[in-house]
Amino acid sequence: MLSLFLIVIAAFFFTGIVVRTKSLASGRKGPGIMQPIKDVIRLFKKGAVYSKTSSIIFQIAPTIYFSSVVMAMLVVPFGQSKGLISFNCDFIFFAYVLALGKFFSIISALDTGSSFEGMGASREALYSMFAEPALFILMGSFALLTGYTSFQEIFAALHIGSYLSYALATLATFVLVMIAMIENSRMPIDDPKTHLELTMIHEVMILDNSGFDLGLLLSAGYLKFAIYGALIVNLFVGMVDYQYAIPLFFIIQFLMAVVVGLIESFMARFRMNHNAQFIVALTSVSLLIFFGAILILGKFN
Amino acid sequence: MIDVLLIVFIITLFYLSIANRLLSYTKVLAVQGVLLFFVVFLQLNEINTLNLVLIMLETIVFKAVAVPMFLAYLLRRNNITREAEPYLPNFVSLLITTAIVIATILLSNSIKDTHLDKMFFVVALSTIFSGLYIIASRRKIITHVMGYMIIENGVFVLSLAVGNEMPHLVNLGIMLDIFASVLILGIFLNKIGDVFKDVDVEQLTNLKDY
């Protein structure tokens, strides 16, 4: 229950901090921290325009996308307190409820009949497909390491002691940050600032959405970032008391937002054909985490 | 701590398989040298001090500094183009390297020998095989030398696993290192990049015996 509030609060500020970091890094003052939220509120006041060629799928897809992200948010725990929903193997539920939302956004992009949106949908599907094994091998090796299968029990039992587990936590943080970047279509994979449809991935899929629907899609994006940030926080605050854990949550979310902003300021987007190999490299790294988990358990020697 | 360093060592192999430029190959070789330096320091705590100092000097001087810098110098001097030009796309290279690592883990898991340190065994075997793969899949002679350096790092890791019992093996590994340096010197002295207008090994197939 606690995690729900914390994630929503973090989502309010996350994208604002990213935008502010980017503008500070490029020597501008930039918009206020709350500007993305104001944009969403403005969009929520508007109605939506639907093309005559699109069907009911295009109209319901943003709602399903947003609700799938909210469902995924309910599963995420915080330290010792469970998420609103918690059951065995809920990380599989987490991954596939997000995938359901993504599926609907892909078929709604195909539904518009625009060739650009079909292209963006195909890229998004490919990249999420490559990112999926990385997440599952990561969570699977944590499940193996702790002997539990639900998010809350895994994170509560995960305690960092030896050098090897420090290395595994670092690698896991890296993999999770990169999966968050892929899922949100941010910089090394996709450039949110680009104005050329041929180089877009996520932006080109939502070109036809307007007004209320666009607001839903944007706010789902903000929430997604905060959800992945919360997962990373959970790696570190398993056993910590609340009076330290809650400030730590906001500090780590803030740091992650700054890191995302800095990456977007100082890196160029990868070439499209380099994206796939980069994402598969994440899978290889999570295989190493799996290997390290086996080493810690002593099943290897 | 040694496990952490060795896992980072495997990550450098993954990076090597998707690296695009020859300069990043030399940087990865330097990083591997530094990693091996620390592994030597932590692992070989039972051999005599003089030998340890010799081995550590060799890893930091030859593996981490001299050879990568010399390779980078060769790249500039012989006007070798900066791309690696693999036969296969990098994506396939990454998949093959990952498959190599998984295969060595499975292989070493099936060995029932208590004397063998499995971690070293996995890292050494996967390094040797990915070095072989890099030699087989890249077009230029200089990349063949780099692949040989990687194999040689793998042999060194394998010798470290038994280094406390048999320090001679580590010294043999160092001999291999110096031999490889002579190999690079050969490229340098023969100015292969200059003499053949391009250093493509394809042209070696034209050599005929009359």
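What do the buried residues of α4(B) pack against? They pack against α11 of chain A, together with α1 (2-18) and α5 (118-137) of chain B.

Some ground rules before going further. This is a predicted model, where local features need pLDDT of at least 70 and side-chain atom pairs count only at pLDDT 80 or more, while totals for chains, interfaces and linings use all residues. Residues are numbered from 1 along each chain as its sequence is written, with chains lettered from A and ligands numbered from 1 in the order in which they are written.

Chain B has 8 helices and 0 strands (DSSP runs numbered from the N terminus: helices are H or I with at least four residues, strands E with at least two). Of its 210 residues, 39% count as buried, meaning that 20 or more other C-beta atoms, placed from the backbone, lie within 10 Å of a residue's own.

Now back to α4(B), residues 90-109. The helix has 20 residues and reaches 29 Å from first C-alpha to last, close to the expected 28 Å (1.5 Å times one less than the number of residues). Its buried residues include B:Leu94, B:Ile100, B:Val101 and B:Ile105.

Across the chains, 16 residues of chain A are in contact with 18 residues of chain B (contact means C-beta atoms, placed from the backbone, within 7 Å). On the chain A side, α11(A) gives the largest share, 11 residues.

Technical notes:
Contact = placed C-beta atoms within 7 Å. Buried ≥ 20, exposed ≤ 12 C-beta atoms within 10 Å, placed from the backbone.
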